[in-house]
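Thanks for coming. Please have the sequence and the structure open.

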Amino acid sequence: MTTQTQTQTQAQDPAQSQSSAATLPKVARSRAELAEFLAPARAAGAKVGLVPTMGALHEGHGSLMTEARARVGETGQVVVSIFVNPLQFAPGEDLDRYPRTLDADLELAGARGVDIVFAPTAEEVYPGGVRAGETDEQITVEPGPLGSVLEGATRPIHFRGVLTVVAKLFGLVRPDVAVFGQKDYQQLVLIRAMAQNLCMGIDVVGAETVREDDGLAKSSRNRYLTPEQRTASLALSRVLRAAQNGARHGLETALLEARAELRSAHKVDLDYLEIRLPDLSPVPADVAPGTEARILIAARVGATRLIDNMPLVIGAPAPAQA
């Protein structure tokens with residue numbers, strides 16, 4: 001389910017500066033309340049857009065809400081779910097530590113024109129019971145082979161939890177369109193595949209990653225970083241930019257330049273750095289010039305695990321930087 005200096009808070013986000021003039025969204029705590037709040041829109045035939053989140057909202061999430069509104073129009077309904085999903089966290093991961101900032105989240109959502117925030121309890125989402133990485137319910141959604149590579153190699157249960165909760169949200173909200181960020185690129189690819197393979201009839205949109213002025217991708221986990229760690233974390237976007245620059249000379253040069261940039265980074269513990277095709281299949285050795293691809297990275301900076309990615313074109317000029 002997919003950043004500022006660590007000392008900045010939600011109240012400092014630009015959208016939240018408008019919150020005093022914004023109307024707070026309705027908050028549905030149960031399935032029944034969600035259905036009640038959506039009933040008028042359904043009766044009127046209005047479109048419904050969904051932005052699934054785990055809360056601790058920032059301007060990256062805000063951009064997803066804006067995209068959802070554009071997709072459903074002014075007469076449509078935009079629903080933001082806020083739910084820290086236990087099923088996608090393995091025991092020992094940061095489930096209990098994950099930030100929960102509902103009051104600030106409602107203000108940001110209101111400033112972005114969100115109509116409904118669905119903020120259920122774990123019992124409401126998993127009536128059969130749920131714990132970190134486990135559920136007593138009999139049916140979950142398995143991600144298939146793509147769920148065991150990249151993020152899945154480090155977090156083997158993660159995407160089963162993600163797809164299961166997203167499938168539940170799709171069933172409860174029944175959106176016409178659902179918007180996810182490209183920062184969690186593997187998640188986006190898997191959710192699109194689930195929607196298509198299971199004939200859900202939902203348009204899954206991937207919105208571009210929102211970054212700080214210095215290149216750091218916005219993430220709820222950035223608040224865990226000390227000032228020194230935040231400075232170190234800028235290496236991730238530099239590595240990706242180096243790959244984009246090298247890609248004009250081919251796949252191997254893209255990886256060589258990315259790794260050279262990584263060697264100059266300090267206090268960054270690499271998990272993976274890979275270039276894959278947009279569907280995350282491996283890039284063939286005889287890849288044709290002009291082929292679109294994706295460079296993906298995951299690393300720990302201190303105790304915080306960060307991920308990022310950027311598009312690139314193999315054998316083509318690197319994109320101009322703003």
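Phenylalanine 89 is buried, with a relative accessible area of 0%; buried means under 20% relative accessible area, exposed over 50%, and partly exposed in between, using a 1.4 Å probe and protein chains only. Before I go on, this is a predicted model, where local features need pLDDT of at least 70 and side-chain atom pairs count only at pLDDT 80 or more, while totals for chains, interfaces and linings use all residues. Residues are numbered from 1 along each chain as its sequence is written, and side-chain values use heavy atoms, with hydrogens and water left out.

Now the aromatic pairs. Rings of Phe, Tyr and Trp (for Trp, its six-membered ring) pair if their centres lie within 6.5 Å; planes under 30 degrees apart count as stacked, over 60 as edge-to-face, and the rest as tilted. How many aromatic pairs does this rule give? The count is three.

One of them joins phenylalanine 83 and tyrosine 126, a tilted pair at 6.3 Å centre to centre with 40 degrees between the planes. This pair links distant parts of the chain, 43 residues apart: phenylalanine 83 is in the loop between β3 (77–82) and α3 (102–111), and tyrosine 126 is in the loop between α4 (122–125) and β5 (130–131). Helices (H or I, at least four residues) and strands (E, at least two) are DSSP runs, numbered from the N terminus. Both phenylalanine 83 and tyrosine 126 are buried.

Why is the pair of phenylalanine 89 and tyrosine 98 edge-to-face? Because their planes stand at 75 degrees, with the ring centres 6.2 Å apart. Tyrosine 98 counts as buried, at 7% relative accessibility.

Next, helix α7, residues 185–197. Its buried residues include Tyr185, Leu188, Ile191 and Met194. The buried residues of α7 pack against α5 (151–154), α6 (158–173), β7 (177–181), β8 (203–207), β10 (291–301) and β11 (304–314). Just after α7, cysteine 199 takes a positive phi of about 55 degrees.

Last, the annotation. Which residue does the UniProt "active site" annotation cover? According to that unreviewed entry, His61; UniProt positions are given in the numbering used here, feature names are shortened, and annotations may be inferred rather than shown by experiment. Histidine 61 sits in helix α2 (residues 59–72) and is buried, with a relative accessible area of 12%. Leaving aside neighbours within four places in sequence, histidine 61 is in contact (heavy atoms within 4.5 Å) with Thr53, Gly55, Ala56 and Ser220.
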